[in-house]
Amino acid sequence: MTTGGKNNLLLLLCTFLFPRFEVNALSYDYSASIECLENPHKPQYGGGIIVNPELNHGLRGWSTFGNAKLQHRESQAGNKFAVACNRNQPHAGISQKTYLQGNKLYTFSAWIQVSGGRGVPVTAIFKTSSGSFIHAGAIVAESNCWSMMKGGLTVNASGPAELYFESKNTSVDIWVDSVSLQPFTEKEWKSHHDQSIEKNRKSNVRIQAVDAEGNPLRNATVSIQQKAPSFPFGCAMNKNILANTAYQNWFTSRFGVTTFENEMKWYSTENSQGKEDYSVADAMLQFAKQHNIAVRGHNVFWDDPQYQLGWVTSLDKHQLALAAFKRLYSVMNRYKGQVIAWDVVNENLHFDFFESKWGKNSSAILYNWATKADGETTLFMNEFNTIEESEDGDSTPAKYLQKLRDIQAFPGNNNLKMAIGLESHFRSPNIPYIRSSIDTLAAANLPIWITELDIQSGPNQAWYLEQIMREVYTHPKIQGIIIWAAWRPEGCYRMCLTDNNFKNLPTGDVVDKLLSEWGLKAGFAFSATTDTNGVFEASLPHGDYEVQITDLESVKVSKAMVQGLNVAASSSASRQPLLVQLAA
């Protein structure tokens with residue numbers, strides 16, 4: 001907390017108090033390991049409802065799934081585990097039958113190893129009594145060390161289910177240990193949200209009003225108004241905002257950060273080779289600056305062949321290298337110091353336009369150029385389906401981190417200022433999978449943003465949006481959120497927040513409701529009266545505030561008696577009281 005004031009007359013004594021939780025519900029374990037270890041960790045939650053989770057009792061509770069041979073083994077260190085060998089089908093392996101309830105949310109984890117090879121994808125799947133196959137998690141497994149798989153699932157109806165592990169590589173044996181399946185009630189899951197907000201998004205502030213002699217001022221009115229929230233929450237915008245006052249008013253009253261939908265992309269700024277035009281992006285950036293809206297740079301390159309201009313695809317690899325080098329330095333030098341992030345290579349897990357021209361190190365080379373062009377701004381990978389779709393094997397958290405490590409391992413890239421961008425284009429949410437996937441990604445210790453959040457059109461669009469917004473905002477490792485809902489009169493990309501008169505749609509009402517609830521909406525304010533000791537306490541969302549003291553019983557205070565206050569997260573459990581002087 002930082003403060004500033006003038007002379008004397010009134011003293012404020014402020015200190016942070018960390019909240020105490022009265023929690024009866026089972027706490028959630030946000031931890032995950034992304035290291036390949038000699039021995040697995042103990043199962044989370046003691047295994048939850050899994051029988052014999054550490055395989056300490058032979059193969060009790062476990063059986064074969066498909067055509068495989070099941071073995072129980074013990075390492076030299078005494079670790080016991082199960083092995084599925086002689087597999088002749090992808091789904092052949094080890095399994096356990098269980099019962100899943102439709103009103104529960106399940107978090108899942110297991111430790112996996114394979115008998116040979118490198119980077120073998122292994123997936124955990126639940127086969128339900130209705131015949132559906134739910135992908136709960138996936139890992140890129142190695143031989144000679146154990147990797148943690150973390151995931152989650154829900155089911156539409158209660159009934160028996162069978163967990164099994166699948167790999168398309170039938171030449172390897174699958175080793176399994178420390179398996180956990182923990183159910184949570186919806187009430188317990190919501191309690192995790194509430195606890196996380198109090199712990200990670202807010203701080204308790206204690207204010208004591210005293211006079212110049214140090215005597216408490218009781219019944220003083222303390223008015224607090226937020227000037228700017230700390231958490232970056234925003235929405236994409238496009239060029240339509242430049243000439244539409246209603247759009248401007250609606251947007252600027254809500255959001256403090258944005259991403260240009262298309263206007264900074266290569267196909268928008270260099271439609272013909274050698275003829276650059278940044279006029280639209282320049283105008284949008286100027287508008288954002290005028291309204292104190294931070295801008296993410298999106299994007300330098302897009303790996304999807306579908307979005308390459310004809311003149312770009314016609315280039316040979318040497319010509320493309322020259323054109324790409326020119327493009328990167330052109331856009332990054334132009335907006336260096338004016339954007340807070342760069343999406344350098346968009347969607348390079350699903351697509352490979354540059355890789356098809358230059359080889360597998362293409363992304364690493366482009367990030368190397370990017371850090372030389374702008375080494376101060378954070379460089380994002382930006383990808384879809386990493387938290388949205390558990391069945392998309394191309395962009396699982398493990399695949400995302402593998403690509404990230406490949407980029408970082410390229411010569412000259414060891415000090416890249418990298419971050420994780422999760423597009424978040426959802427059909428319907430698997431809430432436990434979202435949380436556990438972020439847990440896994442967070443183990444990389446890099447900033448994580450939700451960069452393009454939207455929900456496909458449907459009767460549950462607004463409800464799904466609220467569920468997902470609550471889940472990602474309350475995850476302690478998420479550092480920013482962008483809604484992908486730039487307005488177009490003909491309709492937005494997938495989700496609009498308003499109609500063409502800028503009246504909220506149900507999705508817009510969800511956004512407004514949560515911004516207000518979380519104290520992120522412009523003008524968030526309240527007031528209260530000090531007690532007999534001149535004390536006032538409040539739990540405040542992190543941000544910059546103005547504090548004003550009025551209506552004292554013994555002292556008249558002018559409107560000028562205003563104190564700046566910054567409420568921020570602190571790693572310490574307590575702070576020394578901070579004495580602040582205010583002038584009338």
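Predicted model: local features only at pLDDT ≥ 70, side-chain atom pairs only at ≥ 80, totals over all residues.
Begin by selecting helix H8, residues 362–373, together with helix H9, residues 397–409, whose axes lie 8 Å apart and meet at an angle of about 55°. Now show the side chains where they touch: Ser363, Ala364 and Tyr367 on the H8 side meet Lys403, Asp406 and Ile407 on the H9 side. Sorted by class, this contact comprises three nonpolar residues, one polar residue and two charged residues.

Turn next to the salt bridges, of which the model has 19. Select Glu54 and Lys42, whose side chains form a salt bridge with 3.0 Å from N to O; both residues sit in the loop between strand E2 (9–17) and strand E3 (63–65), twelve residues apart. Glu54 is partly exposed at 22% relative accessibility, whereas Lys42 is exposed at 63%.

Move on to helix H1, residues 186–201, where Lys190 and Asp194 are four residues apart, about one turn of the helix. Their closest N and O atoms are 3.0 Å apart in a salt bridge, and Asp194 is partly exposed, with a relative accessible area of 37%.

Then select Glu276 and Lys326, which are joined by a salt bridge of 3.4 Å, N to O. Glu276 lies in the loop between helix H3 (266–269) and helix H4 (279–290), while Lys326 belongs to helix H6 (residues 317–335), 50 residues apart. Glu276 is partly exposed at 34%, and Lys326 is partly exposed at 42%.

Finish with Glu466, Arg470, Lys513 and Glu517, which a network of salt bridges links.

Terms used. Residues numbered from 1 in each chain as written. Heavy atoms only, no water. Axes fitted to C-alpha atoms, helices over the stretch in contact; angles between N-to-C directions. Helix = DSSP H or I, 4+ residues; strand = E, 2+ residues; numbered from the N terminus. Contact = heavy atoms within 4.5 Å. Nonpolar A, V, L, I, M, F, W, Y, C, P; charged D, E, K, R; others polar. Salt bridge = Lys/Arg side-chain N within 4 Å of Asp/Glu carboxyl O. Buried < 20%, exposed > 50% of the residue type's maximum accessible area, 1.4 Å probe, protein only.
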